[in-house]
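Please open the model in your viewer and keep the selection tool at hand. The stops below say what to select next and what is there.

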Amino acid sequence: MEIPSKNAEKESGEDLQLDVPYHEDQNVEEKGQENDEPFQFKGSKRSGLRRSIKTKRIRVLRKGSSKSKDIRLLETESLGKILVINGKLLSAEKDEFILHECLVHPALLFHHNPKSVFIMGGAEGSSAREVLKHRTIKKVVMCTDDKELVNFCRTNLTKNKEAFRREELHLVFKDAIGELEKSKEKFDVIVGDLEQHIEEEATVMPYTQSFYEKTIKPRLNPMGIFVTMAGPAGVLTHKGTFTSIYQTLNSCFQYVRPYHAHVPSYGDTVGWVMASDQTNLLLEPSRCNISLFDGLIIIKIEGGQLQYLNGATIMASSLFNKIVSSGMMNVTDIPKED
């Protein structure tokens, strides 16, 4: 998430308006001065956890007006530049590649020949960037109703600028769920990059049986794969969101593969879930091995390598500790209706 060195936006010394009860009015120093007071972010509603990051200076590039969102770009010592939406960390320059590589590449590597991808959300552009690394991709639809955030990221996030310029990328500024419901087009892979919904509840749209059965499955091509961010998957944070999404998908699809990775800027383990109804590597773990995935990365991805994922990492990502594994198997309340 690199930022252009020549930025026409103003740098501001205004106070941050964050929804953090005990830390709402942090004073921000002017450019060039250090601010040693830790910057605290909102945590998950379920865990109630907060985290602090030491900042050197803060650059306010824009205040979003659409969807009542406040968009901030901050500079930190430990994580580089970070994108903050309404006081909540969206991504960090030094580790966002973990989030988006894990969200995108396993599904596209498992699929034998992915050509079309639909991204639900993904306004930052990072998911599209990762999808477009695959040599076989012909069309990527990125659907989000947050045009302001897309324009902000397209302008300011250098790492994603090339992806936004690619002719394979089609931007649709509509509600992703509604667009899928009325669409007649089918895709090889559908990517759920709707973290804001995950932070709210896993029992509301779009994480119900009805949504998966009536909206997602009809829009997948044969051999198609659905993958979604599934929220925190740590020892203390996996119950509720991650476990519910996993079991709900497990009740709708024939083959489901959960996986996870530690994301330093989130201060926790993050989970994802892939699902498919067709025979592929998802259902044949005996065929999966480190060499296979290393070979697929070389063959299928431009440049033949990724920054975070390799065969060993992909294999290890589906191994869960005893506590999380038990939590995944003991979900009784599966959301069924919208």
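Is C288 buried or exposed? Select C288 to begin: its relative accessible area is 7%, so it counts as buried, where buried means under 20% relative accessible area, exposed over 50% and partly exposed in between, with a 1.4 Å probe and protein chains only. C153 is buried too, at 0%, and the structure holds 0 disulfides, a disulfide being a pair of cysteine sulfur atoms within 2.5 Å.

This is a predicted model, in which local features need pLDDT of at least 70 and side-chain atom pairs count only at pLDDT 80 or more, while totals for chains, interfaces and linings use all residues. Residues are numbered from 1 along each chain as its sequence is written, and side-chain values use heavy atoms, with hydrogens and water left out.

Next, select strand β7, residues 139-143, which is largely enclosed by the rest of the structure because 4 of its 5 residues are buried; helices (H or I, at least four residues) and strands (E, at least two) are DSSP runs numbered from the N terminus. From β6 the chain passes through helix α2, residues 126-131, to β7 in a right-handed β-α-β crossover, meaning that, with the strands pointing away from the viewer, the path from the first strand over the helix to the second runs clockwise. Strand β8, residues 169-172, runs parallel to β7 and is joined to it by 4 bridges, with M142 standing opposite L171 in β8.

Now show the charged side chains, among which 12 salt bridges are counted, each a side-chain nitrogen of Lys or Arg within 4 Å of a carboxyl oxygen of Asp or Glu. Select R135 and E302, whose closest N and O atoms are 3.4 Å apart; this pair links distant parts of the chain, with R135 in the loop between α2 and β7 and E302 in the loop between α9 (290-300) and α10 (311-316), 167 residues apart. R135 is partly exposed at 41% relative accessible area, and E302 is likewise partly exposed at 47%.

K159 is partly exposed at 28%, and its C-alpha atom is separated by 9.2 Å from that of G125, 34 residues apart along the chain.

Technical notes
Pairing = 2+ DSSP bridges.
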